[in-house]
Amino acid sequence: MTNHELFQRARQLMPGGVNSPVRAFKSVGGEPFFTARADGAYLWDVEGKRYIDYVGSWGPMIAGHNHPAVREAVERAVRDGLSFGTPCPAEVTMAETIARLVPSMEMVRMVNSGTEATMSAIRLARGATGRSRIVKFEGCYHGHGDSFLVKAGSGALTFGVPTSPGVPKQNADLTLTLPYNDLDAARTLFAEHGQDIAALIIEPVAGNMNCILPREGYLAGLRTLCDEHGALLIFDEVMTGFRVALGGAQAHYGVKPDLTTFGKVIGGGMPVGAYGGRRDLMEQVAPAGPIYQAGTLSGNPVAMAAGLAMLGLVQAPGFHDALAARTRLLCDGLQAVADGASVPFSTNSVGGMFGLFFTGEKVETFAQATAADTARFNRFFHGMLERGIYLAPSAFEAGFMSSAHSDDDIAATLEAARQVMTTLTPD
Ligand code: PMP
C-alpha cells in the first residue's frame, strides 16, 4: 500500500483523511505520508522511505521515538492490565514526580490530553474566582475547547479559521485576546476589564504561531498585572513542559504561575495531560471541592508508566543543556546556509524548541510571524521532505529536537538545506 493509496482510502471516511488537521499537509500542499514505524530520530513511511523527524509526534518524543526505557515500561505495565478504574500506584508516583520537578505544582490532576488540561484549568479559574472572562493571546493555541478557538494558533491559524463555526458567540465573547509580547496592551485591557477576568492563559514560549520567545520581563509583567487585578495566571506548558527546561518555561524564565497545564512529554507518547498548581485552588476540584472534572481513563496505568519512564529520561544530568546546544547547532547551521544563499531567514530557539522564519527580521510578534514568507516556507518544506527531512508541515508550528538526533543527523539536515535554499531564490 502506498502513501497515496492510503490517503485516498482515508479521505473516504475521515474528515480531510486525518484525525488532527495539520497532519493533512493542507497548508503546505501535497499529501501526507503514512508512518509505518519510528525509532530514535527517524520515521519510516509505508513505502520504506526514512525521514529525520523534527516533529517528534508534536513534542512528546523528546528522547527520540520508541525509546527502549519507555517501551519496556509500557510492556511491563501492560502485563498487569490496561485500565483499572480504581486508583493505581503509578498515579501517585506521577503526582510526586511532577510536584518535585515543578515546584508550583502543589497538587495535580491527570487528564488525557492537552485540550482537557486547559479546559479544566479555566473551569477551575472561573469557579475559584467567580469571574467569567478569560484572556488569551492572538496566535496561541490551547487545544480545541470552545473558549480557546478565538484568534487561535496552530491548525486554526494555518487554515485562517480564527474563530471556528460551532463556537457560540456568547462563549467567544467571554474570551478576550491580546497581542503576544505587548505588555502595554495587556495593561490597557486589564484597566478596562480587570474585575471580570478569571484568568490569563499563555504559552510562556509561543509554539503555535511558529516559535516566539517572550521578551525580557514580559512574563513577569503579566504576573504582576494578574496579581493587581485578582486574576489567575495560567501557563500552558503543554509544549514547553519538561522541554524548555526540566522545570518548564516557568523555571527557565523564573516566573511562577497559579496554574499550569501539561501534555506531550508528560505522557511519553501516550494520550496524557495534567493540570495543577496552587493547593488552595486545586482543593476546590471534585471530589475535594465543588468544581467538577472527571475522566474514565485518567491516570491510566499504561499511560502513567510511559510518562514516568519519559520523565525519568529527561532527568538525566545535562539532558536539557545538551538538547538546547543541539537545537542551536541546527538553527545556527540553517542560518548560515540561508545567509550563504542570500535567503532572508531568521530563527528562534529555547531548550529543545525552535522556529524557522523566512524573513530577515528577528521575530517577536504574531504580526511578524504571519508576515514571513509562507510560500517560501512551503517550498522549503517540500524540498526538505524530498530529501528525507521532516519539518512540521506548516509555517506556524514550532520544531522539536530530541536527544536522539546525532551530529550526523544535523549535518545531513544542513546539507539538504544547502541544496534546497539555493532553489528558493529568486521567487
Ligand atoms: N496547548 C498547547 C500549548 C499545545 O501546543 C497543544 C497541542 N499542540 C494543546 C494545548 C492541546 O493539546 P492536545 O492536542 O493534546 O489536546
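Modeller: Axes here are lines fitted to C-alpha atoms, for helices over the stretch in contact, and angles run from 0 to 180 degrees between N-to-C directions. Keep in mind that this is a predicted model, where local features need pLDDT of at least 70, side-chain atom pairs count only at pLDDT 80 or more, and totals for chains, interfaces and linings use all residues. Residues are numbered from 1 along each chain as its sequence is written. Helices (H or I, at least four residues) and strands (E, at least two) are DSSP runs, numbered from the N terminus.

On the α2 side, the residues in contact include Ala-69, Val-70 and Arg-76, while α11 brings in Pro-301, Leu-308 and Gly-312, among them; contact means C-beta atoms, placed from the backbone, within 7 Å.

Now the sheet: seven strands form an open, mixed one, ordered β4-β10-β9-β8-β7-β5-β6, where pairing takes at least two DSSP bridges between two strands. At its edges sit β4 (107-111) and β6 (175-178), each pairing on one side only. Neighbouring strands are turned by 20° against each other on average, direction ignored. Inside the sheet, β5 (residues 133-137) and β7 (residues 197-202) run parallel, joined by three bridges, and Ile-134 has Ala-199 in β7 as its bridge partner. Helix α7 (residues 183-193) packs on the sheet, touching β5, β6 and β7, and its direction makes about 155° with that of β6.

Note on methods
Two residues are in contact if their C-beta atoms, placed from the backbone, lie within 7 Å.
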